[in-house]
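Please look over the sequence and the structure shown below before reading on. The report that follows begins with a single pair of residues and then widens to the whole chain.

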Amino acid sequence: MSDNTVIIAGAGIAGLALACAIRRQAPDIAVTIIERASTLARPRIGESLPGAARILLQNLGILQAFLASQPHERGAAVATWDDDTPAWQDSLHDPNGPGWHIDRSAFEQLFVSRARHLGVHLALGTTIQHIQPPQTTNAPWRIETQRNTYTAHWLIDATGVKAALSQKLQVKQHQHNPLVCAHAFWATDSNNKDHCTRIAADAHGWWYSVCTPQNQRVLAFHCDADAAIRQTLKDPAALLHHARQSTLLAPVIPPNPSIQGVQFRAAGSRWLSALNTPFHLAHPEAHLFPPRFLAVGDALLAFDPIASQGIFHALASTASAARTITGQQSPKAFLQEMSAVKNRYLKHWQLTYQGAAARFDSPFWQRRCRVNEAVC
């Protein structure tokens, strides 16, 4: 078997970015992406990129095409979190600039075009049915779909927060701070210049609202899966009524917005348990992952939505994974780097949630005090 073959499961941003990075660094490596969906158009709640992503896009050869698409510049963020006084944060002193609100589908299509230009093979509308791990040190992975059988030197999980490939391989996932996000959209004026992100805490959870590049406003509420209010918020009128109790959100909610319905999705943090490894031990690399297997993006480490780091992490983790696959660093070094990212994230998570927890004596915030022994 040639050592120059990589199979990536998942054609989201992480899978596509990794494929592009590999091909740019090592054009002799053949890369195939297997994706169960037949189309890559995925509706999203509202996504953004910080200005620090500029260098990552440039390294993938996609920055100029991205800027040519005229992405919406990300405005300031305003929050009523620690108290009811709005706190503003902008990018005035950020050397990387303000970042962007992105049209996720259009953004992914830039990566699809780039991947195909670089010779990446996309197998869409097909699912992995069976995986045979390497039987010896130099043996290949064997991956069977309903259409084809593939062999590969490297196998990569880029299937998103469910980490479907890792689950098939019995790589354990650690769940942290589970949330449910109730969200709805309504149309806005195409001339609307409000690019401000609004975040508001209340006793039962926290709100997020922003205008998207698709001329819609998203309204999202994050709460516990077992919270009584979750059932109430299935009614669009109830969602709007609850949101209007916030002095930060009430001014941007029109009298009778046209909402098709309220949707729910799981949210919160989770990561593969390999990132819990104490790397200072003598042999921490033992049994972390199967040989020549990596996970990237949300499949490896998914952030709480309050961090607004999902796409940036997808790009950053794939940059590190590409260095591993092309032989520039070891798998242990990749996991050590990603473990450090997780640990830094958890410190920021604790500081963020403990601020609002001091305001509300309620189950939602009490739980956030207990997680990771946060001191509130």
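## From one bridge to the whole chain

In this predicted model, Phe-185 has Val-218 of E16 as its bridge partner. That pair belongs to the setting of strand E13, residues 173–187, and strand E16, residues 216–223, which pair in the antiparallel sense over 8 bridges.

Both strands take their places in an open sheet of 8 strands, whose order runs E6-E5-E14-E15-E16-E13-E17-E19 and whose pairing is mixed. At the edges of this sheet stand strand E6 (87–89) and strand E19 (301–302), and because each has a single partner strand, one side of each is left without a neighbour in the sheet.

Seen as a whole, the protein chain holds 10 helices and 19 strands. Its C-alpha trace spans about 65 × 45 × 45 Å along the principal axes. A compact globule of 376 residues would have a radius of gyration near 21 Å, and the protein chain, with 21 Å, agrees with that expectation.

Some further values for the protein chain are gathered here.

| Property of the protein chain | Value |
|---|---|
| Share of the 376 residues that count as buried | 51% |
| Accessible surface | about 17,600 Å² |
| Share of the accessible surface belonging to carbon and sulfur atoms | 49% |
| Distance between the mean positions of the 33 positive and 26 negative charges | 6 Å |

Finally, among the contacts in the protein chain with a separation of 6 or more, 72% are accounted for by residues 24 or more positions apart.

Technical notes: Residues numbered from 1 in each chain as written. Predicted model: local features only at pLDDT ≥ 70, side-chain atom pairs only at ≥ 80, totals over all residues. Heavy atoms only, no water. Helix = DSSP H or I, 4+ residues; strand = E, 2+ residues; numbered from the N terminus. Rg over C-alpha atoms; globule rule 2.2 N^0.38 Å. Buried < 20%, exposed > 50% of the residue type's maximum accessible area, 1.4 Å probe, protein only. Contact = heavy atoms within 4.5 Å. Areas by Shrake-Rupley, 256 points an atom, 1.4 Å probe, with all protein chains shown as cover. Lys, Arg positive; Asp, Glu negative; His and termini not counted. Charge placed at Lys NZ, Arg CZ, Asp CG, Glu CD. Pairing = 2+ DSSP bridges.
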